[in-house]
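Thanks for making time this morning. I would like to walk you through one chain, with attention to the cut-offs behind each term, and I will start by putting the sequence and structure on the screen.

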Amino acid sequence: MLGNFCYANPTRLYFGENALDFLQEELSRYGKNILLVYGGGSIKRNGVYEQVTAILRESGKTVFEDAGVMPNPTVDKLYEGCKRARENNVDLILAVGGGSVCDYAKAVSVSAYCEEDPWEKYYLRMEDVDNRIIPVGCVLTMVGTGSEMNGGAVITNHRTKQKIGHVFGDNVFPRFSILNPVFTYTLPKYQMTAGFFDIMSHILEQYFSGTDDNTSDYIAEGLLKSLIHSSRIAMKEPEDYEARSNIMWIATWALNTLIAKGKSTDWMVHMIGQSVGAYTDATHGMTLSAISMAYYRHILPYGLEKFKRYAVNVWNVDPQGKSGEEIVGEGLDRMEDYMRELGLVMNLRSLGVDEAMLDGIADGTIHMDGGYRDLPREEIISILRDSL
Ligand code: NZQ
Ligand code: ZN
């Protein structure tokens with residue numbers, strides 16, 4: 001393990017078909033005023049809204065609603081949410097939805113009492129929170145981001161064409177999250193599979209780095225194998241509880257800080273993908289799938305040993321009698337086959353990207369240097385071009 005670290009995760013998770021039964025007990029820990037945050041209406045169609053509001057009523061809460069959180073929540077929506085939270089003096093923000101709703105709730109929680117422009121403070125200057133934080137609880141309906149158990153809050157600014165994530169500290173993690181796999185059954189296939197790849201990408205971002213022998217990499221391989229297995233089942237049978245519950249649990253562990261402990265991490269697929277998102281407003285997981293094969297084939301020579309291990313341990317490539325290049329090539333081919341099998345978006349044009357946007361996307365890509373290759377701008381352009 002590298003360096004010194006502290007591991008603690010403050011989010012209390014309730015998992016399973018009856019997980020919502022614990023909401024009432026959680027609500028009793030907070031004051032009367034609840035800001036109920038949700039998206040474009042899926043929770044009204046699948047009955048989750050009804051179940052949650054019944055519990056809020058039974059708990060005697062005063063509920064203020066903040067609906068219409070869009071996928072890839074915007075800075076304008078954030079300003080609106082801050083006003084509503086402040087004006088109603090809310091004691092808890094209850095997010096009911098996917099990563100966008102959970103991220104937005106966290107962004108409002110740190111921004112409502114921020115005396116400066118939160119976009120500039122948290123997203124451009126990346127400063128820590130030094131004002132009152134409103135606690136957040138989540139009822140998760142879409143699996144992928146890990147937002148239910150982390151401090152991430154990604155916000156998009158369409159005016160400046162920037163999509164930026166701030167990873168806040170422990171004090172901003174959801175206080176509790178309710179994970180009922182059944183709530184995810186109504187997800188459209190496009191969102192479901194985008195979520196599968198988001199999970200895979202989170203694990204790979206933390207796996208493809210370093211040369212040390214690290215327990216986190218073994219955990220990552222286990223999570224990846226379970227994800228590949230269960231996602232294939234869920235593709236055929238979306239209401240297979242076993243598969244959907246495994247996937248929900250993998251997503252949480254993929255990005256709740258555990259597998260990043262004691263190692264370096266990459267995150268360049270996400271940085272490029274977010275910039276693609278800023279230009280296209282495309283579904284997050286699909287921005288990652290569209291560039292991943294070009295990215296991994298590009299960095300392969302710099303991390304050959306890990307790519308060999310990936311091919312053998314995750315994709316079951318038989319290394320007997322094969323050269324290193326053959327082994328890693330076969331591993332990445334199997335990954336690509338799997339991605340096509342899921343029906344993921346495999347190129348940027350399908351997301352609305354054209355040649356003229358590539359410079360802007362490269363310029364908007366935040367630079368990270370923890371992976372196998374510290375990418376100069378021209379290599380980002382070349383990866384983008386290979387992904388078109
Ligand atoms: O808005 P509604 O009507 O609820 O519809 C949503 C939305 O259209 C729908 N949906 C969610 N649950 C559903 C459902 N439809 C039917 N049945 C259900 N049970 O799915 C659509 C997508 O939802 P969204 O929340 O946008 O998806 P996701 O969970 O992928 O979140 C994406 C956002 O999270 C950020 C992304 O950048 C993006 O902004 N991320 C957050 C991270 C974090 N906190 O750590 C890390 C990730 O890498 C990611 O960047
Ligand atoms: Zn992601």
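This is a predicted model: local features need pLDDT of at least 70, side-chain atom pairs count only at pLDDT 80 or more; totals for chains, interfaces and linings use all residues.

Residues are numbered from 1 along each chain as its sequence is written, chains are lettered from A and ligands numbered from 1 in the order in which they are written, and side-chain values use heavy atoms, with hydrogens and water left out.

Let me begin with the charged pairs. The structure holds 29 salt bridges, where a salt bridge is a side-chain nitrogen of Lys or Arg within 4 Å of a carboxyl oxygen of Asp or Glu. One of them is between Arg 232 and Glu 341, whose closest N and O atoms are 2.8 Å apart. This pair links distant parts of the chain, since Arg 232 sits in helix H8 (residues 215–236) and Glu 341 in helix H13 (residues 324–342), 109 residues apart; helices here are DSSP runs of H or I with at least four residues, strands are runs of E with at least two, and both are numbered from the N terminus. Arg 232 is partly exposed at 32% relative accessible area, and Glu 341 is partly exposed as well, at 44%. On that scale, buried means under 20% relative accessible area, exposed means over 50%, and partly exposed is in between, with a 1.4 Å probe and protein chains only.

What separates Lys 308 and Glu 305 in helix H12? Because they are 3 residues apart in that helix (residues 304–313), the separation is about one helical turn, and their side chains meet in a salt bridge at 3.2 Å, N to O. Here Lys 308 is partly exposed, at 25%, whereas Glu 305 is exposed, at 55%. Elsewhere, salt bridges that share partners join Glu 116, Lys 121, Arg 125, Glu 127 and Asp 130 into one network.

Turning to residues under cover, Ala 85 lies in helix H4 (residues 75–87) and counts as buried at 0% relative accessibility. Leaving aside neighbours within four places in sequence, Ala 85 is in contact, meaning heavy atoms within 4.5 Å, with Leu 35, Val 90, Val 108, Ala 112, Tyr 113 and Ile 134. The C-alpha atoms of Ala 85 and Ser 109 are separated by 8.3 Å, although these residues are 24 residues apart along the chain.

Helix H5 (residues 99–111) contains Ser 111, which counts as buried at 3%. Beyond its neighbours within four places in sequence, Ser 111 is in contact with Leu 78, Cys 82, Pro 118 and Tyr 122. Gly 99 is also placed in helix H5; this glycine is buried at 7% and, not counting residues up to four places away, touches Thr 145 and Ser 147.

Helix H11 (residues 284–299) has 16 residues and reaches 22 Å from its first C-alpha to its last, close to the 22 Å expected at 1.5 Å a residue, the expected span being 1.5 Å times one less than the number of residues. H11 is mostly covered, with 14 of its 16 residues buried.

Now the backbone. Most residues other than glycine have a negative phi. Met 126, however, has a positive phi of about 55°, and lies in the loop between helix H6 (118–124) and strand S5 (136–140), partly exposed at 38%. Trp 267 likewise has a positive phi, of about 75°, in the loop between helix H9 (241–254) and helix H10 (268–280), but is buried, at 16%.

That is where I will stop, and I am happy to take questions.
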